[in-house]
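Please look over the chain shown here, with attention to its fold, its surface and its pockets.

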Amino acid sequence: MKVGDRAPDFEAPDQHGTTVALRDLLETGPVVVYFYAKAMTRG
């Protein structure tokens with residue numbers, strides 16, 4: 001993906017372990033998706 005590309009719809013667990021879908025989050029406004037390396041791994 002490139003900056004400005006639309007992300008495909010996906011589902012992932014939130015910080016509480018509840019599955020959330022991108023399509024549902026977009027209903028309430030813009031979404032920022034941030035990825036980071038798992039602790040104690042090479043990032």
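The report below takes up the fold, then the surface, then the pockets.

## Basis and fold

This is a predicted model, in which local features need pLDDT of at least 70 and side-chain atom pairs count only at pLDDT 80 or more, while totals for chains, interfaces and linings use all residues. Residues are numbered from 1 along each chain as its sequence is written, and side-chain values use heavy atoms, with hydrogens and water left out.

The chain holds 1 helix and 2 strands, arranged along the sequence as β-β-α; helices (H or I, at least four residues) and strands (E, at least two) are DSSP runs numbered from the N terminus. The C-alpha trace spans about 35 × 30 × 15 Å along its principal axes.

## Surface

Of the 43 residues in the chain, 5% are buried, that is, under 20% relative accessible area with a 1.4 Å probe, protein chains only.

## Pockets

A pocket is an open set of points on a 1 Å grid over the protein atoms alone, where a 1.4 Å probe fits, with protein on both sides within 12 Å along at least five of seven lines; lining residues have an atom within 4 Å of a point. The largest pocket is lined by 13 residues, with Phe10, Ala12, Pro13, Val33 and Tyr34 nearest its centre, and both β1 (11-13) and α1 (22-25) supply at least two residues of this lining.

The second largest pocket has a lining that includes Met1, Asp5, Arg6, Phe10, Leu22 and Val33.

Key:
Buried means under 20% relative accessible area, exposed over 50%, partly exposed in between (1.4 Å probe, protein chains only).
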